[in-house]
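The following paragraphs lead through the domain arrangement of this protein and then through selected points of its backbone geometry.

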Amino acid sequence: MTIRLYYTDPYRSEFTANVVDRSEDGTRVYLDETAFYPTSGGQLHDTGTLGGIPVVDVIDEDDRVAHVLSAPLPPTPAPVAGVIDWKRRFDHMQQHTGQHLLSAVFEDLFGHKTLSVHFGPDYSTLDLDAEFLSRDRMMAAEERANALVAGALPVTVTFEDAATAAGLRKQSDRAGTLRIVSIDALDRSACGGTHVRSTAEIGAVLLRSAERVRSATRVEFVCGVRAVRRARKDFESLTRIATSLSAALDDVASLVAAQSERLKESDNARKKLEKELSSFRARELYDRATPDANGVRTIVIRDAATIDELRTLAQGAFEFQKVVVVGVLRSPPSVLLAASEDSDLDAGKILKERLAAAGGRGGGSPRMAQGGVPDAAVLESLVSTLVSRV
Ligand SMILES: [Zn+2]
């Protein structure tokens, strides 16, 4: 059985211990006691070194704690030194204690119980028993949590018998001794994780998004150093946007909204002009084309940028009688064939046949069809058969 030093002293970042067992290859090591926290209760494991070798994972095996090393630990009768990556661990302690605080605040202010929690490498979440959480409530909870941080309430750990432990926020289903983490006069929760000793050490509490997940509301939050780092990132992103708009930071949101409105308007205006222009162009191309024996005029368009532009031009050409449009796109090599109803031609049928002969694929309706071919040379011979239709 491994003695877990973090239960009674979560601030211990260095220790020595005896190796009591190890895997054959020496990369999985068991100690008589350890300060390394294994992944459990939603909290991520510690990293650090054991005998100078990096610890990459710590696994809770009920009775024992397994330390997974990046290289074998040589057999040794002497105690080995363990060093915890304190920056990572303290960050976990800030997020974890912040979660206890937030769970208490949400329940005390609004009666929203915490259903589950998740601690991630970038942010943490708690799922609240609430179908909706307004921005006002988020802000009130954030403000209250930060006031309790400023109040520097002691956070203590006691070991109590499950049968007699009273006043727990959530009844534990465990029997025997419970490890109870208390935030002075605010919260008592059974928990095996690592916590800071005062709410002051949680640092800033920053609530981010709240989104509905099934019938619960998932609140994303960051605490302490992480909150500062997140705020710094947000500030830098916002500053880049503000600089590109030559605007003050606080004006960015309204400016972006105004610009996107203007963009929508100019998009609509552009589409209208494009439609008008394509009808002029279609007229010009139609006038220039010579009718064949059946009076059908064939227009070839080679300068369109997209298949959508070709479609718009073909639609424009349908204003005239007995017209066929052959549209050519170089990249990817593709072709559009459109035939007006009075041309007595079936664009879909013709193109399908020609594409099959050219090793291409595609199809469409009797009025408009499109398809692609393997390369530019095939494209050109396909276009000439479509233009001559022989
Ligand atoms: Zn906890």
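The centres of domain 1 and domain 2, taken over C-alpha atoms, are 28 Å apart. Nine residues of domain 1 and 12 residues of domain 2 make the contact, two residues being in contact if their C-beta atoms, placed from the backbone, lie within 7 Å. The side of domain 1 that touches domain 2 comprises five nonpolar, four polar and no charged residues; here Ala, Val, Leu, Ile, Met, Phe, Trp, Tyr, Cys and Pro count as nonpolar, Asp, Glu, Lys and Arg as charged, and the others, Gly among them, as polar. The protein is divided into domain 1 (3-84), domain 2 (90-243) and domain 3 (281-388), with bounds from an automatic or database domain assignment.

The model is predicted: local features need pLDDT of at least 70 and side-chain atom pairs count only at pLDDT 80 or more, whereas totals for chains, interfaces and linings use all residues. Residues are numbered from 1 along each chain as its sequence is written.

A185 is in the loop between strand 13 (177-183) and strand 14 (187-190), strands being DSSP runs (E, at least two residues) numbered from the N terminus. A185 counts as exposed because it has 9 C-beta neighbours inside 10 Å; the term exposed applies at 12 or fewer other C-beta atoms within 10 Å, with C-beta atoms placed from the backbone. R214 lies in the loop between strand 15 (205-213) and strand 16 (216-223), and R214 is exposed because 9 other C-beta atoms lie within 10 Å.

A cis peptide bond runs from S331 to P332, with omega near -5°. P332 is placed in the loop between strand 18 (323-329) and strand 19 (334-339).

Note on methods
Helices (H or I, at least four residues) and strands (E, at least two) are DSSP runs, numbered from the N terminus. A residue is buried if 20 or more other C-beta atoms lie within 10 Å of its own, exposed if 12 or fewer, and partly exposed in between; C-beta atoms are placed from the backbone.
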